[in-house]
Amino acid sequence: MRAIVLFLCILFAGCFTVSQLQSPKVLERGKLEFNGGVAIARFEDFGPNELFGGMRVGVGSNTDIGFRIYGWLPRKGEGGLAGVYVDAKYQFTEKPPYVSGVLGLSYLTLQPALIVGTDRFYASVGAVLILIPSLNSRDEFSGVAGLAKLAVGYSFGSKFRLTPEIGAIFPITEGEFPGSPYYTAFGISIRP
């Protein structure tokens, strides 16, 4: 029971993970991928680094699921931020260029994305929709903030893969993005 409570506390902390770091090609049923990496971004309160680790598993002929535990390192002695991101990816096409849809979820955020490319090269476009908690005790949420995410990446290797990625994040709702909209990420994955 303690493990479940601890997991739920971690799940309901944090905000959103910056990088995509996955191609549109899903894993075959029963296949695993363990991954980790770093994203280098600059935000007013956090940064410059997001560290993460997780795994993906093929669950169907055109579907895989994954989770990621991530943390933003503190800046100038302030506290850091950690969270859990889970997603499901569905591959729409059987031959390259592959086209996949991803639906991700983390603390108060919904992160849909479309990924196009091969098993190695990919481009993605997505959104981060953040529910904003209300300061008024009568309302649970005061609104939704939206961000658009664009990313391009390439994977080197087969069982052991290195994936560099560059991307940008832009506000799509009212308000300014707190920092630079650009990021770079580097992922490492192992497919046993």
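pLDDT is the predictor's confidence in each residue, from 0 to 100; helices (H or I, at least four residues) and strands (E, at least two) are DSSP runs numbered from the N terminus. This is a predicted model, in which local features need pLDDT of at least 70 and side-chain atom pairs count only at pLDDT 80 or more, while totals for chains, interfaces and linings use all residues. Residues are numbered from 1 along each chain as its sequence is written, and side-chain values use heavy atoms, without hydrogens and water.

**Confidence**
- The chain has a mean pLDDT of 84, with 76% of its residues at 70 or more.
- Where pLDDT is low, the predicted coordinates should not be read in detail.

**Thr-109**
- Thr-109 lies in strand β6 (residues 109-117).
- Thr-109 counts as buried because its relative accessibility is 3% (buried is under 20% relative accessible area, exposed over 50%, partly exposed in between; 1.4 Å probe, protein chains only).

**Largest cavity**
- The largest cavity holds about 290 Å³ of space (a cavity is a set of points on a 1 Å grid over the protein atoms alone where a 1.4 Å probe fits but cannot get out; lining residues have an atom within 4 Å of a point).
- Its lining has 28 residues, with Leu-21, Gln-22, Glu-33, Asn-35 and Arg-56 nearest the centre.
- Strand β3 gives the largest share of this lining, four residues.

**Second largest cavity**
- The second largest cavity holds about 100 Å³.
- Of its 13 lining residues, Gln-20, Tyr-85, Gln-111, Ala-113 and Lys-149 are closest to the centre.

Key
1 Å grid on protein atoms, 1.4 Å probe; cavity = no way out; pocket = protein on both sides within 12 Å on 5 of 7 lines; lining within 4 Å. Points joined across faces, edges and corners; volume = space filled by probe spheres on them.
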